[in-house]
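Please open the model in the viewer and display it as a cartoon.

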Amino acid sequence: KWEPVFRIRSCSNKELDIRFDWIADLTARDARLHAFRSDLADARLKGEVAADRFVAGRPARITSAVADLRKAPRPDAGVNTQALFGDDVLVFEDAEGWAWVQAER
């Protein structure tokens, strides 16, 4: 049995109990929109997601005509999306010729 966190009144004037865990599910962070993995996350998400470490993204700009943003740091990994010349990104990690970035658009 769950305990309601608060009670609201619906449009039909019926009282409804609201569970916090149900509301929390609606505000969960989406990895497609927020930079986080189990080992590394955007410093702005500290306290909101679980990660081994948090870093502030370093601003950068795409200088090639098209940059494939891949699912993993491998040439055979699928492409999630593309960034175009002049797009702004935040760089969270740069290692072995690959960068983990978040597009700012």
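What percentage of the 105 residues in the protein do buried residues make up? Buried residues account for 20% of them, where buried means under 20% relative accessible area, exposed over 50% and partly exposed in between (1.4 Å probe, protein chains only).

This is a predicted model, in which local features need pLDDT of at least 70, side-chain atom pairs count only at pLDDT 80 or more, and totals for chains, interfaces and linings use all residues. Residues are numbered from 1 along each chain as its sequence is written, and side-chain values use heavy atoms, with hydrogens and water left out.

**The whole chain.** Colour by secondary structure. The protein has 1 helix and 9 strands, in the sequence pattern β-β-α-β-β-β-β-β-β-β. These elements are DSSP runs numbered from the N terminus: helices are H or I of at least four residues, and strands are E of at least two. Among contacts (heavy atoms within 4.5 Å) between residues at least 6 apart in sequence, 29% join residues at least 24 apart.

**Asp-94.** Next, select Asp-94 in strand β8. Asp-94 is exposed, at 56% relative accessible area. Beyond its neighbours within four places in sequence, Asp-94 is in contact with Arg-58 and Ala-99.

**The largest pocket.** Finally, select Leu-69, Arg-70, Trp-100, Val-101 and Gln-102, the closest to the centre of the largest pocket among its 31 lining residues. The largest pocket holds about 1,000 Å³ of space. A pocket is an open set of points on a 1 Å grid where a 1.4 Å probe fits, with protein on both sides within 12 Å along at least five of seven lines; lining residues have an atom within 4 Å of a point. β9 gives the largest share of the lining, 6 residues. The lining comprises 18 nonpolar, 5 polar and 8 charged residues, with Asp, Glu, Lys and Arg counted as charged, Ala, Val, Leu, Ile, Met, Phe, Trp, Tyr, Cys and Pro as nonpolar, and the others, Gly among them, as polar.

Notes: Points joined across faces, edges and corners; volume = space filled by probe spheres on them.
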